[in-house]
Protein chains: 4
Amino acid sequence: GDLLVIAGRGFSSRLFLGTAGYPNQQVMLDALAASGSELVTLAIRRISLDGYSESLVDVLARATGGRAGGPVGLLPNTAGCLTAKEAVLTAQLSREALETPWIKLEVIGDRDLLYPDVEELLRATEELVNDGFVVLPYCNDDPVTCRKLADLGAAAVMPLGAFIGSGMGIRNPHAIETICARSPVPVVLDAGIGTASDAARAMELGCSAVLLNTAVSKARDPVRMAAAMRDAVAAGRAARQAGRMPMRAFAEPSSPQLGLIGS
Amino acid sequence: GDLLVIAGRGFSSRLFLGTAGYPNQQVMLDALAASGSELVTLAIRRISLDGYSESLVDVLARATGGRAGGPVGLLPNTAGCLTAKEAVLTAQLSREALETPWIKLEVIGDRDLLYPDVEELLRATEELVNDGFVVLPYCNDDPVTCRKLADLGAAAVMPLGAFIGSGMGIRNPHAIETICARSPVPVVLDAGIGTASDAARAMELGCSAVLLNTAVSKARDPVRMAAAMRDAVAAGRAARQAGRMPMRAFAEPSSPQLGLIGS
Amino acid sequence: GDLLVIAGRGFSSRLFLGTAGYPNQQVMLDALAASGSELVTLAIRRISLDGYSESLVDVLARATGGRAGGPVGLLPNTAGCLTAKEAVLTAQLSREALETPWIKLEVIGDRDLLYPDVEELLRATEELVNDGFVVLPYCNDDPVTCRKLADLGAAAVMPLGAFIGSGMGIRNPHAIETICARSPVPVVLDAGIGTASDAARAMELGCSAVLLNTAVSKARDPVRMAAAMRDAVAAGRAARQAGRMPMRAFAEPSSPQLGLIGS
Amino acid sequence: GDLLVIAGRGFSSRLFLGTAGYPNQQVMLDALAASGSELVTLAIRRISLDGYSESLVDVLARATGGRAGGPVGLLPNTAGCLTAKEAVLTAQLSREALETPWIKLEVIGDRDLLYPDVEELLRATEELVNDGFVVLPYCNDDPVTCRKLADLGAAAVMPLGAFIGSGMGIRNPHAIETICARSPVPVVLDAGIGTASDAARAMELGCSAVLLNTAVSKARDPVRMAAAMRDAVAAGRAARQAGRMPMRAFAEPSSPQLGLIGS
């Protein structure tokens, strides 16, 4: 039916999930199952570091291998990288280790805000695209940067709704809507989602998918929130396709008032 | 599982639907089916007027009679009434004609805005409750009026999100949240919903259900929008129960940055 | 020039101030002077209670007596009253003690939220108007209640922007704008103002004046905030009269681009 | 008193004005006088083109020469430039023609949205700073770009509130607040202001000044709107310095309720 295609790969689910910050690994796997997500992102830095995370890849493969669509797709990310050089190197290690050219490209210009550095991001995107990667850059809600990333060959653009981990929702819906209206590649809302209505809103604004992590992993009940997000993304997508009613500043009767009684 | 109970009656679906303004009756029935709604509202005035609408009740009964839960519940409404007296009389005619004591009580103080008249509404609620009705008053987003309606015996309160038919969403989320936090009876968000994320938001604020009409009937594709609303209400309800993450004004890394590369 | 007239009395300043919660009386007087306000509200209950407050009236008279316009006007209020009966009695005591028929009518339906009780408010308004009072009722942002208050003879209506003392600004600008567009009497935004831009916004929405208290008395520097509020009210009023530019969803060049260089 | 200093030059007024789009030149001069502005921006491209605009500089000098502070300061801008190269050339022509090293640097990445191109902007800033210019770059509401501009030697940063000429106000107040909290140089809100409360809000968020054009030139009464903006900027600045009251989700009595009557 309504398949999202990025770089030639089809997704039935338009919800992408992160793997960090869960109470434990089982909750993460249960949340992943409840979300229906077919693509998860994980930090390369963490993987290369410790045994726990190295096995995360195996765990994901085993846990999702039996699904109809096969194992969940991996979207390694370059979280923590501060320069294009560092991000490119991280991506290359990732491709070697995980045998996937897909990369969620994060190049951060501020350690506190985790806000993208546009210059470094564009540089790294160009280099990685030229090196054969499928690049999904995490960027700010800047329509010009989004267009330049697409022009450089990014497979999708991933503008932020709000600062990473803030849960503040979409701070500038007009910017996101503008980006979606003009983007030649899929727009994936990344960062800022705090609750289900935020995810629905992203889709209504025209996003092709939503990527989130903390909103699920730090909910009181991550598994239930994952299911909520699944439904919210579906609802927002359907509402967008259904074509919402126009807003009216003043009221209009929905129940016609033609009756005899009391008139 | 998660049953909503109003006046002793259980509802699996927390989405109530109106019946006005559809392109035609079949679209209305298809939207109703797609919504999963178990309760629909319809204007008494219209029913008492014309043959078409009289049969609306029969049509609904026939179309939904085969469902597992039996035919869809009817919530007749007093749309168009301007005084308590008129609304009470309309409700009594409704009970006689439709053989249900349920009534969505609308007493409007302004024909353009379709905004409730609080004095008349309280008066009519008291009278109808005393007369054995199950009263669901449509009211403004006023916590004191909501509490008084509950004290008078209303089975639920139905504050507006925005003017009827405006599709402007929930104009004052803080008021709705306050009402929900204090209400001894279920709160049903009524009026103002324009798209799916609005419905999800209502549930996240603590509403027990959502009633809407124009957002579905005037969507470009009412049936698809009805399905969107079904999912949005489910998503908002689950998100509320899951306990959302706290908002943070500043960013926090969701991908721990402990790696070796480039540090 | 641009005089506000309420019940035949003209005001050059469209900012009304409360007298509660200041660090001390001198700060209150300095803030009052800085605000340029010509009308202050004070709680009758407090006045009738203690010597300090009884003298508040004298203090205000002495401190403002030398102004060009004469002493500041007093707008006693019925804060703390929960019923029409109580409010009417308080107003009568106020008129006797302070020799003014002006009364800011507060009838509260919830001790925590300090939210108006519409039924009691309408009742008290009717009674006090009939008894010759100049009634300025504090009400919710409900266009029907506002119209009924005006119909009963209220000299102005004073809808809330947000809960008293919350400083949350105007939670439902559309409601305030609707009230202003339809009101036959001046609309005074009362409660909810937290900072200067809130006050400017109220005036831009069409309010005739703003009444505030906590935003000044609980600012770190009340006197400077009072001056800010004075300017903000003037700015909002002028902006309203100047007729703002239309909003456009997309950008338009403000600097024409007709040049030779690089084109 | 409260002087704003940019690149060693002091400004009593924190409102900067544009010169485009007025009904006629006299209205522009009257608005300028009413605004109290000490710095006006004008497009180089236009100036170099036609006699009218060449004389604009003379007109401004003559009209404002008699002021206490001397003639109004000129802030030529590079509106319409799409590349760093073009902007640098335009700035150099400007310096030669107008004998000022001050330049409002606009490098646009989208002709419709007039949205900055971050890469080109950074490049041009570096070049112009090295060439001795006083550079005030118009940028997006991106804290990393703002910091990099300051690091490169920009005298101030000028993030947008919304698209140029849209009058949509500040779409992302949290971003502006974050930029202000971290900026080592003055932050001037540029673009998006539609009415007085927007300007006050910008100052409350921590901006050092506001630059606007269309909000005044396209108001129904530009001169009155200019005065409104002057007061709004003063109000927002004072409110910021006064330290606003904290917001509270629930109400608190501002009039203590200690009375005898009815209790």
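Between chain C and chain A of this predicted model, the count of salt bridges is 0, and the side of chain C that touches chain A is made up, by class, of 2 nonpolar, 2 polar and 1 charged residues. What does join the two chains is a set of contacts in which 5 residues of chain C meet 5 residues of chain A. The size of an interface is often given as the accessible area lost when the parts come together; here chain C and chain A bury about 380 Å² between them, with 65% of that area on carbon and sulfur atoms.

The arrangement of the two chains can be described next. Chain C is superposed on chain A, with an RMSD of 0.0 Å, by a rotation of 180° with 0.0 Å of shift along its axis, and the two copies are thus related as by a two-fold rotation axis. The same surface serves both copies, since 100% of the contact residues of chain C recur in chain A. Of the residues of chain C, the one that comes closest to the rotation axis is C:Met247, whose C-alpha lies at 7.9 Å.

Within chain C, helix H1 covers residues 25-35, and its buried residues are C:Val27, C:Met28, C:Leu29, C:Ala31, C:Leu32, C:Ala34 and C:Ser35. The N-terminal end of H1(C) is capped by C:Asn24, which has a side-chain oxygen 3.0 Å from the backbone nitrogen of C:Gln26, while just after H1(C) the residue C:Gly36 takes a positive phi of about 75°.

Technical notes
Residues are numbered from 1 along each chain as its sequence is written. Chains are lettered from A and ligands numbered from 1 in the order in which they are written. This is a predicted model: local features need pLDDT of at least 70, side-chain atom pairs count only at pLDDT 80 or more; totals for chains, interfaces and linings use all residues. Side-chain values use heavy atoms; hydrogens and water are left out. Contact means heavy atoms within 4.5 Å. Buried area is the accessible area (1.4 Å probe) that two parts lose on being put together, summed over both. A salt bridge is a side-chain nitrogen of Lys or Arg within 4 Å of a carboxyl oxygen of Asp or Glu. Ala, Val, Leu, Ile, Met, Phe, Trp, Tyr, Cys and Pro count as nonpolar, Asp, Glu, Lys and Arg as charged, and the others, Gly among them, as polar. Buried means under 20% relative accessible area, exposed over 50%, partly exposed in between (1.4 Å probe, protein chains only). Helices (H or I, at least four residues) and strands (E, at least two) are DSSP runs, numbered from the N terminus. A polar contact is a pair of N or O atoms within 3.5 Å; within protein, one must be able to donate a hydrogen and the other to accept it, and residues adjacent in sequence count only if both atoms are side-chain atoms. Copies are superposed by least squares on the C-alpha atoms of residues with pLDDT of at least 70 in both.
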